[in-house]
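User: I have a model to go through. Please take me over its contacts step by step.

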Amino acid sequence: MEDMKNKFAVLGKSVPRVETPFKATGRAKYAADYEMAGMLWGKVKRAPYAHARILSIDTSKAERLPGVKGIVVGKDFGGFKWGWQAHTRDESPLATDKVRYMYEGVAAVAAVNKDIAEEACDLIDVQYEELPAVFDPFEAMKEGAPLVHEDKPRNILVEYHWNFGDVDKAFADSYLVREDLFQTPRQSKGYIEPPAVLAWWEHGTLHYIGSKGSPYMLWRIFGRAFNLPLNKVRVIQPIIGCDFGGTKNDGHALDFSAILLAKKTGRPVKIVYSQWEELTTCLRRHAMWVRIKMGLTKDGLITGLYTNVVADGGAYARMSPVTMYLTNGFCTLPYKIDNFRTDTWNIYTNNPMAAAMRGHGMYHTRYAIDCQLDLMAKELGIDPVEIRLRNSIDNPKPGETYYTVNKLRVATCGVKECIEESAKLFEWDKYHKTKKNGGPIARGAGIGASGYLSGARLTGHNSCSAIVRVNEDGSVNVQTGASDVGQGSDTAMCAIAAEVLGIGMKDVEIKRVDTSYNYPDPGSYGSRVTIYAGEATMKAAEDAKQQLLEAAAKEMNIFAEELEIRDKKVFMKADEARFLPWLDVVRAACYANIGNVVIGRGVSRKGTKGFSPKAFSTGEGDVGTNYGFAAQINEVEVDTETGVVRCTENSAMADDCGFPLNPTIVETQCIGGSYHQSISSALYEEFVMDKGSTVNPNWIDLKRPRVYEAPFPKFAHVITNDPYGPFGVKECSEATTCTGAPAVINAIYDAVGVMIKNMPATPEKVWRALKEKREAEKKK
Amino acid sequence: MKENTRDIKFTLNGKEVEITVNPKMLLLDLLREELKLTGTRTGCEVSACGACTVNLDGKAVRACSILAAQVNGHEVVTIEGVADGEKLHPIQEAMVNHGAIECGFCTSGMVMSARALLLENPRATREDIKRALQGNMCADSGYVKYVEAVEMAAKVMQGK
């Protein structure tokens with residue numbers, strides 16, 4: 001830590017985030033905070049069936065309601081469908097022929113106020129023919145099951161069958177082989193800000209302000225949906241209230257409806273989803289059934305792994321082909337596994353759609369593998385920390401590379417150090433000797449370890465570009481197409497530019513993305529932003545710096561190579577007393593000859609080699625630029641009389657993000673990802689479903705993590721300086737989104753000896769498991 | 001059809017406000033839609049997330065579950081009324097400097113709950129802070145630095 005603090009002037013230090021003063025005073029503007037003169041309010045009409053043919057839609061009564069200015073239905077979009085790739089384009093903005101999940105949008109209204117828009121929705125008369133529906137992926141895979149999409153036999157959205165090494169031989173040679181079925185719950189994204197949009201048409205150009213973390217995805221989709229050249233699609237980004245890979249990363253009924261209603265009425269149209277709409281119709285984490293079989297030697301070394309994973313994809317494909325790749329392809333991190341086989345399916349059902357979510361894919365199998373490892377460690381009498389250390393991938397020596405059996409390329413791996421550091425901070429060795437159980441309360445501790453990719457590379461556009469503009473007064477604008485959805489990347493970009501230019505954070509400003517003025521960028525997903533936008537910003541700042549050095553060299557009558565910038569001074573490296581102040585150099589550069597604009601440009605090059613979708617069918621190849629690692633240990637208290645489990649503050653976490661550009665942001669990210677998106681599903685959160693209907697679509701019945709049970713982890717940064725990330729950086733917080741759940745579930749196992757294999761570990765489940773255990777022990 | 005209306009008068013961020021409202025209008029809609037104070041956020045509309053927390057006579061309340069008409073004669077402070085001009089309140093300053101804030105959507109509510117707590121109990125303990133913030137849901141911070149920031153602010157406000 002000491003080294004990293006002194007290595008740079010700005011980077012590696014916990015400078016306050018650039019935008020938080022606006023957030024702390026309520027001045028930050030989110031999508032729902034924008035309004036325009038003449039603006040109308042829109043509302044989406046929703047179907048009350050999970051699977052039904054639309055026979056007719058009569059809007060005449062609604063049209064006659066005073067205050068209604070426009071209505072659109074699915075057919076008005078001219079047959080447009082979208083999806084992640086050509087073969088998964090299966091979804092319309094509003095349903096046309098049939099609805100495939102409960103409350104799918106069928107029409108939308110624009111009216112002078114919210115109440116009238118809502119009333120008009122009630123007046124739209126839709127006739128349906130209800131169809132047999134299917135909600136269980138295992139039922140849906142059977143011959144003769146109702147088809148969600150007529151052209152997808154057995155409702156198979158995607159399936160992969162991979163084989164690396166010789167798993168059967170590995171199992172035959174193992175000392176211990178075990179097979180278990182683990183199940184992950186249907187989980188909400190959990191962001192507090194519901195999706196919102198304000199759309200209008202101006203000068204023949206579509207204008208759109210919406211809460212989207214990947215604005216260029218929508219830029220392309222809107223261009224196709226409304227038959228516009230991309231130079232007439234302007235997606236403007238407000239402050240985003242989190243995303244985590246869901247509806248704010250992709251399109252939904254409100255986006256297309258607001259745009260078409262604005263076109264039809266000639267007025268701006270605003271639609272804000274209620275949290276009920278978010279929780280019933282928006283994208284959620286896949287529920288998965290993870291059957292795993294693992295072999296170990298007597299010393300606890302993993303010999304082979306087989307995964308058989310079935311996922312409920314819901315009514316439309318969305319990102320599911322990627323999900324299934326990540327779920328299985330990352331099983332070979334962070335432990336050494338030489339023999340690995342997978343059979344996996346993602347299945348269409350009449351449930352709401354599933355999609356990417358923080359810790360995408362890997363979270364499911366990490367829970368299964370890391371919990372099964374504790375079951376097997378116990379059988380072998382090996383300590384959970386010890387068995388992980390024995391299996392962890394070693395940190396490759398500088399210049400060397402570790403390839404997993406499925407060819408993930410790992411240049412740096414700090415997982416061993418993460419496990420050691422978290423065990424040290426938690427005082428793991430002392431804990432089990434000194435822990436006290438009192439009355440009905442049993443205490444225990446568990447560990448989880450993981451890796452996660454950073455700089456996701458998918459097909460198509462992957463790279464990121466940046467502009468660093470030096471203004472004549474010495475102030476600097478940084479502009480990238482990358483999105484800060486709350487993770488702090490705007491601060492990271494400003495810090496990188498300030499570092500390279502030798503100026504302060506206060507001299508640098510970054511604006512929100514506007515697709516008419518920024519370079520296209522894939523978006524905020526797959527922990528790619530700091531890796532790519534960071535590299536682009538670094539290069540853009542270096543370009544600008546070079547221009548300034550050349551201007552200074554001219555003024556000082558020396559060569560640019562002899563100069564450096566620090567603390568807003570351009571000085572001669574050999575004689576620091578010879579210098580020009582920053583502002584003098586900027587003015588010289590800007591006013592040279594007839595005037596000059598100092599603009600540095602940079603492009604990230606690391607993401608230019610795409611991952612071929614063909615490789616999804618073999619599972620071989622690398623979608624990451626590099627890999628972050630993490631480990632965490634949590635203590636829980638289990639009330640053995642009621643089954644209630646709670647985390648205590650006592651916990652530890654260590655994260656290898658290569659090099660933390662801003663340690664405080666890394667800590668908050670890692671701790672938050674672990675609690676809100678992982679421990680949440682381990683202890684609290686699950687959508688309860690009844691025939692496609694979400695029974696608990698509100699935060700009273702759907703439990704989410706709150707402050708009073710929050711772990712307060714002691715935190716360690718593990719520095720590995722990865723060669724593929726700018727300034728050595730890798731992802732942070734997606735790995736801890738994969739470690740939270742197994743750490744807590746293993747802690748329950750440690751406390752009371754029951755392994756909860758179908759999260760969340762609700763009081764009822766824990767109570768029943770304890771009862772079963774007691775009864776089984778009595779029989780013995 | 002003549003709409004049923006009600007005239008109300010209350011103090012908002014230190015200033016007198018007189019306005020005619022529909023009796024079914026929520027305080028949240030009055031603030032956001034009529035008075036354009038959008039710093040109070042709409043999250044769940046069922047009093048579960050705390051994003052719309054404001055201070056009513058110094059107490060933390062959810063603006064989504066109070067009628068505008070009910071604030072007649074009372075004192076309301078929203079997030080826009082917490083800072084002293086450009087000078088941040090110690091709670092806001094601690095949250096910014098300590099790195100508590102991520103996406104920021106819950107932040108207004110966090111500040112308002114913490115403000116009400118420290119008005120009532122300047123020597124609040126960590127347990128008091130957790131109790132005061134338990135109705136404020138966050139989706140990304142893990143709460144740790146929010147709690148620590150309120151602890152720091154309490155010390156600053158006591159001159160420690």
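User: How many residue pairs are in polar contact between domain 1 of chain B and domain 2 of chain B?

Analyst: This is a predicted model. Between domain 1 of chain B and domain 2 of chain B there are seven residue pairs in polar contact. On the domain 1 side, β3 (53-56) and β4 (59-62) of chain B each supply at least two residues.

User: Why is the contact of K24(B) with D115(A) called a salt bridge?

Analyst: The closest N and O atoms of K24(B) and D115(A) are 3.4 Å apart. The cut-off is 4 Å, between a side-chain nitrogen of Lys or Arg and a carboxyl oxygen of Asp or Glu. The value of 3.4 Å is within 4 Å, so the pair counts as a salt bridge. The count between chain A and chain B is eleven salt bridges.

User: Which element gives the most to the side of chain A that touches chain B?

Analyst: That is α19(A), with eleven residues. By class, this side of chain A has 27 nonpolar, 16 polar and 13 charged residues.

User: What area is buried between chain A and chain B?

Analyst: About 4100 Å² is buried, and carbon and sulfur atoms give 58% of that. The contact takes 56 residues from chain A and 53 residues from chain B.

Conventions. Residues numbered from 1 in each chain as written. Chains lettered and ligands numbered in written order. Predicted model: local features only at pLDDT ≥ 70, side-chain atom pairs only at ≥ 80, totals over all residues. Heavy atoms only, no water. Polar contact = N/O pair within 3.5 Å; in protein donor to acceptor, adjacent residues only side chain to side chain. Helix = DSSP H or I, 4+ residues; strand = E, 2+ residues; numbered from the N terminus. Contact = heavy atoms within 4.5 Å. Buried area = accessible area lost by both parts, 1.4 Å probe. Nonpolar A, V, L, I, M, F, W, Y, C, P; charged D, E, K, R; others polar.
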